[in-house]
Amino acid sequence: MERHLMDSQIKGVSTGTTILTVTFNGGVIIGSDSRASIGGSYVSSKTINKLIQVHDRIFCCIAGSLADAQAVTKAAKFQISFHSIQMESPPLVKAAASVLKELCYNNKEELQAGFITAGWDRKKGPQVYTVALGGMLLSQPFTIGGSGSTYIYGYADAKYKPDMSKEECLQFAKNALALAMGRDNVTGGVAHLVVITEEGVEHVVIPGDKLPKFHDE
């Protein structure tokens with residue numbers, strides 16, 4: 001057991017995780033669980049908040065190496081704030097996602113982190129962008145990621161629909177995270193959700209025992 005933990009620590013801490021973003025009519029919801037793991041099986045923390053605010057109405061959620069993700073988001077927040085000062089206006093969501101993409105691409109040989117960027121801006125409203133490992137940038141109406149996402153692709157494809165209401169979208173996100181927590185051994189803890197609209201940002205934290213229950217639990 002001691003040898004196993006030492007080998008795992010060499011691999012570093014990762015956000016063995018489930019992350020998701022979903023657009024609805026007038027906004028976007030970004031969410032994740034709260035666990036971090038070492039070596040893919042040992043849960044090293046149950047209280048990690050993987051939703052990072054990079055500007056007023058722009059958030060990203062992180063997967064992969066926790067250290068890499070934190071370093072990239074710290075640099076991205078600085079660049080996005082500087083860009084906003086230069087432009088004398090809030091940054092566009094795509095501009096923020098492009099900053100993350102460039103940081104990932106320029107350091108693709110050293111980094112092991114992926115991001116989902118979501119937010120609202122005056123030009124296109126609610127948006128979701130996936131920044132994959134290596135720096136690829138994709139625009140999607142909803143996306144899921146992390147180790148727990150493999151268990152919920154069927155649910156997400158079957159239940160997602162365009163122009164959901166805020167309440168429908170919140171239920172979709174809660175169900176998806178609850179299903180992933182029930183199957184993935186390194187997804188768990190509490191569910192962190194952020195609702196982003198033109199009016200502002202709303203943080204929602206749902207304890208694990210308050211999440212929806214399904215027949216296998």
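Reader: What share of the contacts with a separation of 6 or more comes from residues 24 or more positions apart?

Author: In this protein, such residues account for 64% of those contacts, where contact means heavy atoms within 4.5 Å. The model is predicted, and local features need pLDDT of at least 70, side-chain atom pairs count only at pLDDT 80 or more, and totals for chains, interfaces and linings use all residues. Residues are numbered from 1 along each chain as its sequence is written, and side-chain values use heavy atoms, with hydrogens and water left out.

Reader: What are the helices and strands here, and how many does the protein have?

Author: There are five helices and 13 strands.

Reader: What makes Cys-104 buried rather than exposed?

Author: Buried means under 20% relative accessible area, exposed means over 50%, and partly exposed is in between (1.4 Å probe, protein chains only). Cys-104 has 3%, so it is buried. Cys-61, at 0%, is buried as well. Of the protein's 217 residues, 49% count as buried.

Reader: And why is Glu-198 put in its class?

Author: Its relative accessible area is 48%, so Glu-198 is partly exposed. This residue lies in the loop between S12 and strand S13 (200-206), and has contacts with Gly-26, Arg-57 and Trp-120, leaving aside its neighbours within four places in sequence.

Reader: Which class does Glu-88 fall into, buried or exposed?

Author: Glu-88 has 74% relative accessible area, so it is exposed. You will find Glu-88 in the loop between helix H2 (66-87) and helix H3 (93-106). Its phi is near 55°, a positive value in a residue other than glycine.

Reader: What makes a set of residues a nonpolar core, and which have the most contacts inside the largest one?

Author: A nonpolar core is a set of buried Ala, Val, Leu, Ile, Met, Phe, Trp, Tyr and Cys residues joined through side-chain atoms within 4.5 Å. The largest has 25 residues, and those with the most contacts inside it are Leu-20, Val-22, Ile-29, Met-164, Phe-172 and Leu-193. Strand S2 (19-24), S11, helix H4 (153-159), helix H5 (166-183) and strand S12 (191-197) each supply at least two residues of this core. H5 provides the largest share of it, nine residues. A second, separate core has 24 residues, including Ile-58 and Val-99.

Reader: What is the volume of the largest pocket, and what makes it a pocket?

Author: The volume is about 190 Å³, that is, the space filled by probe spheres set on grid points joined across faces, edges and corners. On a 1 Å grid over the protein atoms alone, a pocket is an open set of points where a 1.4 Å probe fits, with protein on both sides within 12 Å along at least five of seven lines; lining residues have an atom within 4 Å of a point. There are 16 lining residues, with Ile-19 and Phe-115 among those nearest the centre. S8 gives the most to the lining, four residues.
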